Amino acid sequence: MITLYYDVGNASCIQAMKWFKEYNIKINTKRIEQMSSNELICILSLTENGFSDILKCPTRAGQKVLNQIKNIEDSTFNSSINYILNNTNLLKGPIIIDNNKLVIGYKAENMRIFLPSKYREAELI
């Protein structure tokens, strides 16, 4: 089952939910603040670049967020996990996961991996 972790009021999260509704795909929605340690580790296991894939872009963040990201970079893995879970504002949204599929943020072309293969094949014709 597809799980979409969202942040209230985040436009990308809202667009992602609408996309799934448009394609009639059932999803579980869960607020990012309610993410467990095991869920975060599972998400990280599917990333290519670890923490940098799921954290907000440092070049766009304010000084406070930059300091928080630096704290994560200088910590142990377990400390970083705990820090992120206590500061979920650092995470990009939405985070969408299903078995071995992961999409961070909203881009319609990336969301296609959640469409059934028959549907993707029909779109190509």
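This is a predicted model: local features need pLDDT of at least 70, side-chain atom pairs count only at pLDDT 80 or more; totals for chains, interfaces and linings use all residues.

Residues are numbered from 1 along each chain as its sequence is written, and side-chain values use heavy atoms, with hydrogens and water left out. Helices (H or I, at least four residues) and strands (E, at least two) are DSSP runs numbered from the N terminus. Buried means under 20% relative accessible area, exposed means over 50%, and partly exposed lies in between (1.4 Å probe, protein chains only).

**Backbone geometry**

- Most residues other than glycine have a negative phi, and most peptide bonds are trans.
- The peptide bond from Gly 93 to Pro 94 is cis, with omega near -10°, and Pro 94 is found in the loop between α5 (77–86) and β3 (95–98).
- Asn 24, which is not a glycine, has a positive phi of about 60°; Asn 24 is placed in the loop between α1 (11–22) and β2 (27–31) and counts as exposed at 72% relative accessibility.
- Asn 99 also belongs under this heading, with a positive phi near 50°, a place in the loop between β3 and β4 (101–104), and a relative accessible area of 63%, so that Asn 99 is exposed.

**Strand pairing**

- β3 and β4 pair in the antiparallel sense over four bridges, where two strands count as paired if DSSP finds at least two bridges between them.
- Ile 97 has Leu 102 in β4 as its bridge partner, and the two strands β3 and β4 form a hairpin with two residues between them, with Asn 99 in the turn.

**Helix α1**

- The twelve residues of α1 should span 16 Å at 1.5 Å a residue, and the end C-alpha atoms of α1 are 16 Å apart, which agrees; the expected span is 1.5 Å times one less than the number of residues.
- The buried residues of α1 are Cys 13, Ala 16, Trp 19 and Phe 20, and they cover an arc of only 120° around the axis, which puts them on the same side of α1; the arc is that of the directions from the helix axis to the C-beta atoms.
- These buried residues of α1 pack against β1 (2–6), β2, β3 and α6 (108–111), while the face turned away from the buried side carries the exposed residues Ala 11, Lys 18, Lys 21 and Glu 22.

**Nonpolar cores**

- A nonpolar core is a set of buried Ala, Val, Leu, Ile, Met, Phe, Trp, Tyr and Cys residues joined through side-chain atoms within 4.5 Å.
- The largest nonpolar core has 18 residues, and those with the most contacts inside it are Ile 43, Leu 55 and Leu 91.
- The elements that give two or more residues to this core are α2 (37–45), α4 (63–73), α5 and β3.
- Apart from this core lies another, of eleven residues, among them Leu 4, Trp 19, Ile 25 and Phe 114.
- Leaving aside neighbours within four places in sequence, Leu 91 is in contact (heavy atoms within 4.5 Å) with Ile 32, Met 35, Ile 54, Leu 55, Lys 56 and Ile 84.

**Salt bridges**

- A search of the whole structure finds two salt bridges, each defined as a side-chain nitrogen of Lys or Arg within 4 Å of a carboxyl oxygen of Asp or Glu.
- Lys 30 forms a salt bridge with Glu 39, the closest N and O atoms being 2.8 Å apart; Lys 30 is partly exposed at 23%, and Glu 39 is partly exposed at 21%.
- Arg 31 forms a salt bridge with Glu 33, with the closest N and O atoms 2.9 Å apart; Arg 31 is partly exposed at 33%, and Glu 33 is partly exposed at 36%.
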